[in-house]
Amino acid sequence: MRVGIIGVGCSKFGVREKTIQELAFEAVKESLDDAGITREDIDISVVGTSNTRGYELMPAVPINEYCGFAGKGPIRVEAACATGSAAFFTAYSSIVSGMADIAIAIGVEKMTEVNTPTSLAVGGRSGSYLWEFHQYGTTFPGYYAMHASAHMAKYGTTPEQLAMVAVKNHRNAAKNPKAHFPKEITLEKAVSSRYVAYPLKLFDCCPISDGAGAAILASEEKIKELGKEAIWIEGIGYSSDTANVAKRSGYTGLKATVDASKMAYKMAGIENPLKSFDVACLHDCFTIAEIMAYEDLGFCKKGEGGKFVEEGRSDFGGDIPVNTFGGLKAKGHPLGATGLAMIYEAVKQLREEAGDLQVELKNYKALTHNIGGTGHFGWVFILGV
Amino acid sequence: MFIEGRELTFKHNIPVTSVEKYWKGLEEGKIYGTTCKNCGAKFSPPQADCSVCYSSDMEWVEIGGEGEVECLTEQHSFPAGFEFLKEPYTIAVARFGDFRVIGWAREKISVGDKVVAETDKDETGVWKVYFKKA
Ligand SMILES: [Zn+2]
């Protein structure tokens, strides 16, 4: 059965004086308007939020109530920073199972209600608390910094190449009013910023953001019945890896990305990933993450990710524009929202509704790549017209 | 406008009975992993059950000798719970044969360096692994 996306929504990302319900409402409202349906048309809602920082410990029902979906689900989903993608898959599955004709995936995160040390601790506890955070004070930037140290030592990836990811994504975010940081930065400013977790500096790291995303999915039959246009889900891949970083087999890439992309490429019949997509939304929570993703997704050979960004191959006009709306780095990374903000971007691009950030369409296909933790979860979706 | 929420503190009692030897070992300067007697799978950090063959017949193995640093970071931002640290701290993963071990380093180390592992406790009384150059 084919499943299509008929509506997408995304809130403004940033430090928002809104509750988790109000943030979700912004994205849901836009997605319903976009689909041209009302809340009564939704059969089931899936609420994705990791919500390890919020005061509302079980927020799915409060969110569902506020959005007028009481009685329709909700299914609460959590997959760390890949929560939005897991919610999207759950909504897809509810349709494929025949239980729903129209499903909404909501992804939302409220991250700025606690201070930065608390946020760092929550992120660091998300690997394996007892064996890592408890003893060693691991943090989320720290885990990616460990991968950066290995990548730089083995392949000679430079701090400047890392910073080029940030410069590119900020340049794109500058044209996206929904971005947390809609402003350009210089390479000099990025490389001279202070260390957060060596070798990663402040401008190698995504901000701590509030935000929400939503997507409305429907069966092909329902889409025909409603007379709607849709963007189709052509490929899905998922994987995961160990919780303990010490139980990994290496630190220069993410196995979850490699495995999830292989699954998605097989389902969608993709043979040459570099030549198959007009746009890609990659998980760039830290600059090294985007560089590893180029390699792990097969856009370039292992170790050549630094050169890939340096040569402009992931920029507008390059082989494959990556993170055209600013990426997690500059658009922001509200954990639960991120996967659905990627779907939002991919859908807008494939419909040619991306305005100043529109890419040229040749293949009419887009890829989203969403990682939870440091490859603790991996999701890849391929969308097409 | 904001309203300050009511405070809630979690202090967890974490059961470590099945891996007590590891925690006691740290106090004696020893680092232990486990090996599955049935299929040979190796675990560091140790576990009482085998995730590969589902046997619970495990053997304690001391991890020692020279290791090689595979990745590291120097943390400049302190998470809640580590305010007692006054200086940036280095976290590394080093490979000792079949086992990888995570630890702190008190001296400057680089990826590829050969290290040995020691144990000590920090200012909060938590025992852990420390690497130093071999
Ligand atoms: Zn076994």
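Biologist: What is the geometry of the zinc ion's site, tetrahedral or irregular?

Modeller: In this predicted model, the site is tetrahedral, with angles of 102 to 114 degrees among the four donor atoms of the zinc ion.

Biologist: Nice! And which residues coordinate the zinc ion?

Modeller: Four cysteines of chain B do: B:Cys36, B:Cys39, B:Cys50 and B:Cys53. Each uses its SG atom, at 2.3 to 2.4 Å.

Biologist: How are those donor residues spaced in sequence?

Modeller: The spacing for the zinc ion's donors is C-x2-C-x10-C-x2-C.

Biologist: Is B:Cys36 buried or exposed?

Modeller: B:Cys36 is buried, because its relative accessibility is 2% and the cut-off for buried is under 20%.

Biologist: What about B:Cys39, then?

Modeller: B:Cys39 has 35% relative accessibility, so B:Cys39 counts as partly exposed.

Biologist: Changing topic: which residues form the nonpolar patch on the surface?

Modeller: That patch brings together A:Leu57 and A:Met58 from chain A with B:Leu8 and B:Phe10 from chain B. Together they have about 520 Å² of accessible area.

Biologist: Where is A:Met58 placed in chain A?

Modeller: A:Met58 is in the loop between strand E2 (44–48) and helix H2 (60–66). A:Met58 is also exposed, with a relative accessible area of 69%.

Biologist: Last one, helix H4 of chain A: which of its residues are buried?

Modeller: Helix H4 covers residues 116–124, and its buried residues are A:Ser119, A:Leu120, A:Ala121, A:Val122, A:Gly123 and A:Gly124.

Biologist: And what do the buried residues of H4(A) pack against?

Modeller: They pack against two helices of chain A, H5 (129–136) and H6 (140–155).

Key:
Residues are numbered from 1 along each chain as its sequence is written. Chains are lettered from A and ligands numbered from 1 in the order in which they are written. This is a predicted model: local features need pLDDT of at least 70, side-chain atom pairs count only at pLDDT 80 or more; totals for chains, interfaces and linings use all residues. Side-chain values use heavy atoms; hydrogens and water are left out. Patches are made of residues with over 30% relative accessible area and no salt bridge: like charges are joined within 9 Å, nonpolar side chains (Val, Leu, Ile, Met, Phe, Trp, Tyr) within 5 Å. Accessible areas come from the Shrake-Rupley method with a 1.4 Å probe; for residues, only the protein chains shown count as cover. A salt bridge is a side-chain nitrogen of Lys or Arg within 4 Å of a carboxyl oxygen of Asp or Glu. Helices (H or I, at least four residues) and strands (E, at least two) are DSSP runs, numbered from the N terminus. Buried means under 20% relative accessible area, exposed over 50%, partly exposed in between (1.4 Å probe, protein chains only). Donors are N, O and S atoms within 2.8 Å of the metal (3.2 Å for Na, K and Ca); water is not among the atoms, so sites may look incomplete. Four donors count as tetrahedral if all angles lie between 85 and 135 degrees; four count as square planar and six as octahedral if opposite donors are over 155 degrees apart and all others between 65 and 115; anything else is irregular. Contact means heavy atoms within 4.5 Å.
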